Amino acid sequence: MPQVELTGIGVDYHNLGHAVTALDDVDITIPEGDTLAIIGPSGCGKSTLLYVLSGLIQPSRGSIAIDGSVLGGQRRQTALILQDYGLFPWNTVFDNAALGLRVRHTSEEYVKERVGVILRRLGLWEMRDRYPGQLSGGQRQRVAIARSLALDPDLLLMDEPFSSLDALTREELQNTVLDIWRERRFNGKHSNNRADISEDGNLPAPLTVILVTHSIEEAAFLGRRIAVMGMNPGRIVATVDNEGMGDAGYRNTPGFYTQCSRLRGLLKNGAGDG
Amino acid sequence: MGLAMDKAKGYIGATIAIFVAWYGLAFFLKVQALPSPIAVFADFFRLLPGDLSRHFAISLYRVIVSIVLGVLLALPTGLILGREERLDRFIAPIIFILYPIPKIVFLPILLLLLGLGNLSKIVLITLIVFFQILVTTRDAAREIPSQSILSMRSLGATNWQIYKHVVYPASLPKMFTALRIASGTAIAVLFFAESFATEEGLGYFIMDAWSRFNYQDMFGGIIAMAVMGLIIYELLDVIERRTCAWTRL
C-alpha cells in the first residue's frame with residue numbers, strides 16, 4: 001500500500017565536464033491509490049523524475065519513501081512502462097507479457113495462468129502468438145501494460161506511454177488505464193474479473209499510478225493530482241487537484257475543459273520563468 | 001512446403017540458365033580450358049561415387065567445423081565487448097589492428113605449428129569467421145537502444161538475463177548476415193589452403209586436375225565447390241529461420 005513521498009529530490013549529471021542540474025528540490029506526496037500526472041515541456045526532467053521513482057537512477061539529493069520505507073534501489077511491486085523499446089520484437093505477445101515474471105523465476109505454471117488472465121482482460125489473448133511487428137501501435141502499448149500488470153504491481157509508473165498513438169487509440173488506452181485503476185481502487189468490486197486477483201488469491205491493493213506526459217488532456221484525464229514542471233533546473237512550479245477525474249465521460253464535461261486551460265496557463269508561466 | 005518448392009524451382013531454373021550460357025560460351029570459344037558442360041556433368045557423375053565425394057566431404061567438414069567454432073568463440077566475445085565499455089577500451093584496438101590483415105598470410109606458420117592435416121585449415125578458416133562475426137556482433141550489441149536495457153532493468157533483470165533476453169536476440173540477425181559473407185570468404189580461403197602441401201579436399205582435387213590439364217575433372221571439382229557453397233548457404237538459412245522467426249513476418 002504505497003504512499004509515495006519525495007523530499008527535496010535533486011539530480012545532477014555531468015555533461016562535457018560541466019555539472020548540469022536536471023532536477024532540483026522536488027517535493028511531492030502521493031497518497032496510496034491516487035494518480036499523479038506530471039506534465040512539463042520536453043527536457044524539464046520529468047522522465048528523470050520517473051526513473052528516480054523506479055529506483056533506476058539514484059538522486060543526488062533528497063530522499064524517496066515508498067510505503068514508509070526509504071527507497072534504496074528497485075522495488076518488486078513497482079512497474080514501469082516506457083514509450084518505446086519496452087517490447088522486444090523477437091518475443092511473441094505472450095512471451096513479452098510474461099517476460100517480467102520469467103525474469104523473476106516465477107513457475108511456468110503460474111506464468112501461463114497469470115499472463116492468460118491479463119491478456120484476456122486486455123483483449124490480447126487472440127494475438128498471443130503474434131510478434132510486436134504484426135500489431136498496431138495501440139495493441140503494442142496494451143502488451144506493455146499487460147507485462148506490467150502481470151507483475152501485480154501496486155505502483156505503476158508510465159513514461160509518455162501513449163504519445164506515439166493516434167488520438168482515438170490514445171483515448172481508448174487512457175480509458176483502459178482508468179478502468180484498471182478504478183477496479184483496484186474500490187478493492188475489486190469487479191471481482192468477477194479474474195485479472196483482479198493477485199498471486200495469493202486476495203483482492204489486490206489499490207494501484208497508485210504516476211504518469212509523465214506532455215499532453216495537457218492526458219494529464220487532466222488521468223491525474224487526480226497534476227504536477228506542472230518548469231525548466232532550468234527541472235522543478236515543480238504548481239500542483240493542481242483534479243477531483244473531477246475518474247470517469248471516461250469526464251473528457252466531455254466543461255470541468256475538463258476548464259482544467260485543461262488552467263494547466264495550459266500554468267505551463268506557459270512555468271516556461272516563462274525559465 | 002510451398003516455399004521449399006519455390007526455392008527448388010528457382011535453383012533448377014538457375015542451373016539450366018547457367019548450363020545454357022556455359023554451353024554457348026564453350027561452343028563459341030572452342031578452347032580446352034572450357035570444356036562443354038555436357039562432358040563435365042558426365043564426368044562429375046562418374047567421379048562422384050568415388051574420389052570426388054571423399055574430397056567433397058573433407059572440405060565440407062572443414063568449413064562447417066570452422067564456422068561452428070568461429071561463431072562459438074566470436075558471438076559471446078562480440079556481445080560482451082559491445083556492452084562492456086571498460087573491457088572494450090583495451091580489447092578493441094587489438095581487434096582493429098588484426099582485423100584488416102588477410103588471415104591467409106598466417107597459413108605458413110599454421111602449417112608449421114599445426115601440421116598439414118585438418119587442424120591447420122580449420123584454424124585458418126576459424127580465424128576468418130571469428131573476426132567477421134566479432135566485429136559485426138560487437139557493433140550490433142553497441143547499437144541496442146539504452147531504453148531496451150532500461151526496460152529490462154526495470155523488470156529486475158540481472159546482467160545475464162539482459163544478455164539472454166535482449167543483447168543476444170537483438171544481435172542475431174546481423175550475425176547471420178555477417179556469417180553469410182564470411183562463409184563465402186571461408187570457402188575461397190579453404191580452396192587456397194587446400195592447394196598447398198595436402199592431398200585431400202576440393203582445393204587439392206581442382207589443382208591436381210589442373211596440373212594434369214584434365215579440365216573436365218577440374219570443372220567437376222568446381223561444380224562440387226558450388227554445391228558445397230549452396231549447402232552451407234541453405235543450412236544458414238534454415239537455422240536463421242528457426243532462430244530469427246520475427247524478422248520474416
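Helix α7(B) has a kink of about 40 degrees at B:L172, a residue that comes shortly before the proline B:P173. The model is a predicted one, and in it this helix, which covers residues 159-194 of chain B, spans only 43 Å between its end C-alpha atoms, whereas a straight helix of 36 residues would span 52 Å at 1.5 Å a residue.

**Where the chains meet**

- On the side of chain A, 19 residues are in contact with chain B, and on the side of chain B, 16 residues take part.

**The four-stranded sheet of chain A**

- An open sheet of chain A is formed by four strands in the order β2-β1-β4-β5, and their pairing is antiparallel.
- The edges are taken by β2 (18-30) and β5 (69-70) of chain A, each of which has a single partner strand, so one side of each is left without a neighbour in the sheet.
- Nine bridges link β2(A) with strand β1 of chain A, residues 4-15, in the antiparallel sense, and A:L6 is found opposite A:I28 in β2(A).
- Helix α1 of chain A, residues 46-54, packs on this sheet and touches β1, β2 and β4 (61-66) of chain A, while its direction makes about 65 degrees with that of β2(A).

**The six-stranded sheet of chain A**

- Six strands of chain A form an open sheet in the order β6-β7-β8-β3-β9-β10, with mixed pairing.
- At its edges stand β6 (78-81) and β10 (235-241) of chain A, and each has a single partner strand, so one side of each is left without a neighbour in the sheet.
- From one strand to the next, the twist averages 15 degrees.
- Strand β7 of chain A, residues 155-159, runs parallel to β6(A) and is joined to it by four bridges, with A:T78 standing opposite A:L155 in β7(A).
- Strand β9 of chain A, residues 225-230, pairs with β10(A) in the antiparallel sense over six bridges, and A:R225 stands opposite A:D241 in β10(A).
- A hairpin is formed by β9(A) and β10(A), with four residues between them, and in its turn A:N232 has a positive phi of about 50 degrees.

Notes: Residues are numbered from 1 along each chain as its sequence is written. Chains are lettered from A and ligands numbered from 1 in the order in which they are written. This is a predicted model: local features need pLDDT of at least 70, side-chain atom pairs count only at pLDDT 80 or more; totals for chains, interfaces and linings use all residues. Helices (H or I, at least four residues) and strands (E, at least two) are DSSP runs, numbered from the N terminus. The expected span of a helix is 1.5 Å times one less than its number of residues. The bend at a residue is the angle between axes fitted to the seven residues ending there and the seven starting there. Two residues are in contact if their C-beta atoms, placed from the backbone, lie within 7 Å. Two strands pair if DSSP finds at least two bridges between them. Axes are lines fitted to C-alpha atoms, for helices over the stretch in contact, and angles run from 0 to 180 degrees between N-to-C directions.
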